[in-house]
Amino acid sequence: MQSNLSTEEQAKLKHLKLQLMNAQNQDERHSILKAIEQLLNKAKYRNRFMSALKDNQN
């Protein structure tokens, strides 16, 4: 999945993972995991969209 991430998204994911490792409580961990999930979902849907565009061109 990471190969579908832009350079900016990869940097953001790396930062979020570091924050997750240093999280102090469950609430903080939950919000960081939610941000990671949103980032990965955004990349997944963008990849699906780009695949659909390529399929329609052929």
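Let me start with E9, which counts as buried because its relative accessibility is 6%, buried meaning under 20% relative accessible area, exposed over 50% and partly exposed in between, with a 1.4 Å probe and protein chains only. Please keep in mind that this is a predicted model, in which local features need pLDDT of at least 70 and side-chain atom pairs count only at pLDDT 80 or more, while totals for chains, interfaces and linings use all residues. Residues are numbered from 1 along each chain as its sequence is written, and side-chain values use heavy atoms, with hydrogens and water left out.

The buried residues of α1 are E9, L13 and L16, and they lie on the same side of the helix because they cover an arc of only 65° around the axis, taken from the directions from the helix axis to the C-beta atoms. On the other side of α1, T7, E8, K14 and M21 are exposed. Helices here are DSSP runs of H or I with at least four residues, numbered from the N terminus.

The buried residues of α1 pack against α2, residues 26–57, and E9 is also among the contacts of A43, contact meaning heavy atoms within 4.5 Å.

E9 forms a salt bridge with R46, at 2.9 Å from N to O, the term requiring a side-chain nitrogen of Lys or Arg within 4 Å of a carboxyl oxygen of Asp or Glu. This pair links helix α1 to helix α2 across 37 residues, and R46 counts as partly exposed, at 31% relative accessibility.

The salt bridge between E37 and K34 has its closest N and O atoms 3.8 Å apart, and both residues lie in helix α2, three residues apart.

Note on methods: Helices (H or I, at least four residues) and strands (E, at least two) are DSSP runs, numbered from the N terminus. Lists of a residue's contacts leave out its neighbours within four places in sequence.
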